[in-house]
Amino acid sequence: MIRWIAITVLAVSVTATAVWGYQEHREKNAILIQAENNYQRSFHDLSYHMDLLQDKIGTTLAMDSREQISPQMAEVWRLTSEAQADVSQLPLALLPFNKTEEFLSKIGDFTYRTAVRDLDKEPLTDEEVKYLSSLYDQSGQITKELRKVQNLVLKDNLRWMDVQVALASNDKQADNTIVDGFKTVEKTVSGFDEGNFGPSLTGTSRENKPYRFVKGEKLSKEQGEDRARKLFNIKDNINLNITETGKGSDLPIYSASYRSDGKNGYVDLTQKGGNPINLMIDREIGEQKLSLNEGLEKAEAYLKKYDFDDMEAFQSNQYDNLGVFSFIYKQDGVLIYPDSIQIKVALDNGEILGLSAKDYYQNHTEREIKEPKITAEEARDKVNQNVDIQTNQLAIIENDVGEEVLTHSFLGTLNNETYRIFINAQTGVEESVEKLSTKEEKFDPSL
């Protein structure tokens, strides 16, 4: 009798240990997957912000008005801060990357000091213009190298957790594709002529905004998985990895990813309501069968399907056989630029390959819009008279200090280039000038 009792107790103990071990294994895997998803998101954000950074620096070089340069410099500084934040979230502590971080810091310091000083009294010197030009070239080289790494990461489905383990263990046999790519970036930056414009500034980083528009009931993990499958448009037989943020997170989210039939998919969605924050699908894109306008219709249908109401397209780009569309919210006839969404559409079959709704969920709310003190005609007088104005529209934008302001938005051309110009509707001050890419299709917001 005693023998059977002992055997029973032993069996229960073994079973309990096995269950405990299995649970520990699952929790460990969940943590690893969550960390991997965070690393992937930060890396792709870094590549995106560096791309925008170079474009904004190039736009600044094309400007002549001092009133235009200051807000543009502030935008460059903001993007630099975003890129620095992205770098800080990558597992590069054991990999020398200080030259690149120093380069970003120098751009931030220079553009911040330029943005806040009175350019009427202290215009850019020839030396500063030359330095800005070199920053444009250098940021282009960094962007080029980062794109190479990005393509390899997506093509070969490389994992950042492997990078972290390889760096920590000094494993010479590990796949060091990502490490080698970042070493190339660092080597590229090391060859730059540094230049010096005084001591570094501190306290100029821009904090991330809280998410103010997240609606709906909290979803279970199973409901989150079902929502992710619908966003990906994949069937139940495809394996989907899903993790959730830990307790105390500012925005509890589910991160889901899959790999099937030559596709890699990744999405972040809020636990509350299953609102999609970021979505990315990587695959080979075939021969173009849809026009850019037909791609726009696919993007508009996708927004309506997932309850993004009153969104208007305001520009698009085509890169090979991929259409990229930007939408902004419209309230009472006023365009709300902070509430923006970007969508990527494959022009071979109309599949949605990308969605970025972070700005929308951070900024969206119903606003109390005041009547403008400056008429459209009065605002037009503040615009360079050589600009051929095509359309004008009331719009709310964020100024260089992050405050929302009501403006008259003008779309016009000068010397075969297209610009979007924003004049403060209360003061008449020129708030911002954007040079649009020649690849962009311009939408008339008044239609």
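Modeller: Let us begin with Asn317, which is buried, with a relative accessible area of 8%; please keep in mind that this is a predicted model.

Colleague: In which strand is Asn317 found?

Modeller: Asn317 is buried, since its relative accessible area of 8% falls under the 20% cut-off for that class. The element that holds this residue spans residues 311–319, and it is strand S5.

Colleague: How far apart in space are Asn317 and Lys344, C-alpha to C-alpha?

Modeller: Along the sequence, Asn317 and Lys344 are separated by 27 residues. In space, taken from C-alpha to C-alpha, the distance between Asn317 and Lys344 is 9.5 Å.

Colleague: How many of the residues of strand S2 are buried?

Modeller: Strand S2, which covers residues 253–260, is mostly covered. It has 8 residues, and of these the number buried is 7.

Colleague: Which residue in S2 stands opposite Ile242?

Modeller: Strand S1, residues 241–244, runs antiparallel to S2 and is joined to it by 4 bridges. Within S2, the residue that stands opposite Ile242 is Ala256.

Colleague: Which residue in S3 is the bridge partner of Arg259?

Modeller: S2 is also joined to strand S3, residues 263–270, by 8 bridges, and these two strands run antiparallel. The partner of Arg259 in S3 is Asn264.

Colleague: Which residue takes a positive phi in the hairpin of S2 and S3?

Modeller: This hairpin has 2 residues between its strands. The positive phi there is near 50 degrees, and the residue that takes it is Asp261.

Colleague: What is the area of the nonpolar surface patch made by Leu61, Val129 and Tyr136?

Modeller: Leu61 belongs to helix H1, which runs over residues 2–62, and it is partly exposed at a relative accessible area of 31%. A patch takes residues with over 30% relative accessible area, so Leu61 passes that cut-off. Together with Val129 and Tyr136, Leu61 makes a nonpolar surface patch of about 210 Å².

Notes. Residues are numbered from 1 along each chain as its sequence is written. This is a predicted model: local features need pLDDT of at least 70, side-chain atom pairs count only at pLDDT 80 or more; totals for chains, interfaces and linings use all residues. Side-chain values use heavy atoms; hydrogens and water are left out. Patches are made of residues with over 30% relative accessible area and no salt bridge: like charges are joined within 9 Å, nonpolar side chains (Val, Leu, Ile, Met, Phe, Trp, Tyr) within 5 Å. Accessible areas come from the Shrake-Rupley method with a 1.4 Å probe; for residues, only the protein chains shown count as cover. A salt bridge is a side-chain nitrogen of Lys or Arg within 4 Å of a carboxyl oxygen of Asp or Glu. Buried means under 20% relative accessible area, exposed over 50%, partly exposed in between (1.4 Å probe, protein chains only). Two strands pair if DSSP finds at least two bridges between them.
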